[in-house]
Amino acid sequence: MVEFIKGATKRDEFPDGCHDVVFVGRSNVGKSSLLNAIYNQKIAFVGKKPGMTKMINFFDVDHKYLAVDVPGYGFANRNKSEIIAFGRMMDDYFSQKNRIRLVVMIVDSRHRPSRDDLDMIEYLRHHHLKICVVANKIDKLNQSELHASGKVLSEVLSIDNRYIFKTSTLTKRGIDELKNYIVTCVCDDSLV
């Protein structure tokens, strides 16, 4: 059972946590749909327009860990003050690396990682966080495109194929493998 705890914008509002699984991705990459597919219930709002998430949203998953949905990055329609506030909020959260077990970085399998994706993975590595990459929307690719996509992601993001999960929220392909990996990262202290 997944329950919404709260949305927060600054450190003193964050709920206590030591087993967070954080979901990041560009606006419009399908992050909300992926969250809903992983937890098999509607926990995240799927909007028609990108950039609707403005807070860091915390969800309790079976009293075992917190699933954390952060605002999408790379959305151009934010004004300068919103971008500054967004950066401060993200720094407040990600600087608490002891609470974070895993960052699930979602990318669109149909496209080469963007400059924003590269900046994000560099930012996460700067904070020494465990990362896996989810190549989402694979239902839109044929087999050879899917293979090529995985190779490009591995090379461009400098990540081992073992930590790349190929998913489709439409067909549910790859969702169970990703869920199992998340649970392993939450439960196994040796992986942290």
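**A walk through the predicted model**

Residues are numbered from 1 along each chain as its sequence is written, and side-chain values use heavy atoms, with hydrogens and water left out.

Asn40 sits in the loop between α1 and β3 (56-61), and although Asn40 is not a glycine, its phi is positive, at about 55 degrees. As background, most residues other than glycine have a negative phi. Ser158 is another non-glycine residue with a positive phi, here about 50 degrees; Ser158 lies in the loop between α4 (143-156) and β7 (164-166), and with 53% relative accessibility Ser158 counts as exposed.

Turning to the overall fold, the protein has five helices and seven strands, where helices (H or I, at least four residues) and strands (E, at least two) are DSSP runs numbered from the N terminus. Along the sequence, these elements follow the pattern β-β-α-β-β-α-β-α-β-α-β-α. The radius of gyration is 16 Å, close to the 16 Å given by the globule rule for 192 residues, so the protein is as compact as a globular protein of that length; this radius is taken over C-alpha atoms, and the rule is 2.2 Å times the number of residues to the power 0.38. Of the 192 residues, 49% count as buried. If we take contacts, meaning heavy atoms within 4.5 Å, between residues at least 6 apart in sequence, 74% of them join residues at least 24 apart.

Where does the buried part of helix α1 pack? Seven of the eight residues of α1 (residues 31-38) are buried, so this helix is largely enclosed by the rest of the structure, and its buried residues pack against β2 (20-25), β4 (65-69), β5 (100-108), β6 (131-136) and α5 (175-187). Strand β6 contains Val133, which is buried with a relative accessible area of 0%, and which touches, leaving aside residues up to four places away in sequence, several residues including Met105, Val107, Ile121 and Leu157.

Next, the cysteines. A search of the whole structure finds zero disulfides, a disulfide being a pair of cysteine sulfur atoms within 2.5 Å. For Cys18, the nearest cysteine sulfur is that of Cys187, 12 Å away, and Cys18 is partly exposed at 43% relative accessibility. For Cys187, the closest cysteine sulfur is in Cys185 at 9.6 Å, which is too far for a bond.

Finally, the second largest pocket holds about 210 Å³ of space. On a 1 Å grid over the protein atoms alone, a pocket is an open set of points where a 1.4 Å probe fits, with protein on both sides within 12 Å along at least five of seven lines, and lining residues have an atom within 4 Å of a point. Grid points are joined across faces, edges and corners, and the volume is the space filled by probe spheres set on the points. Among the lining residues are Tyr73, Phe86, Asp116 and Tyr123, and α2 (80-94) and α3 (115-126) each supply at least two residues of that lining.

Conventions:
This is a predicted model: local features need pLDDT of at least 70, side-chain atom pairs count only at pLDDT 80 or more; totals for chains, interfaces and linings use all residues. Buried means under 20% relative accessible area, exposed over 50%, partly exposed in between (1.4 Å probe, protein chains only).
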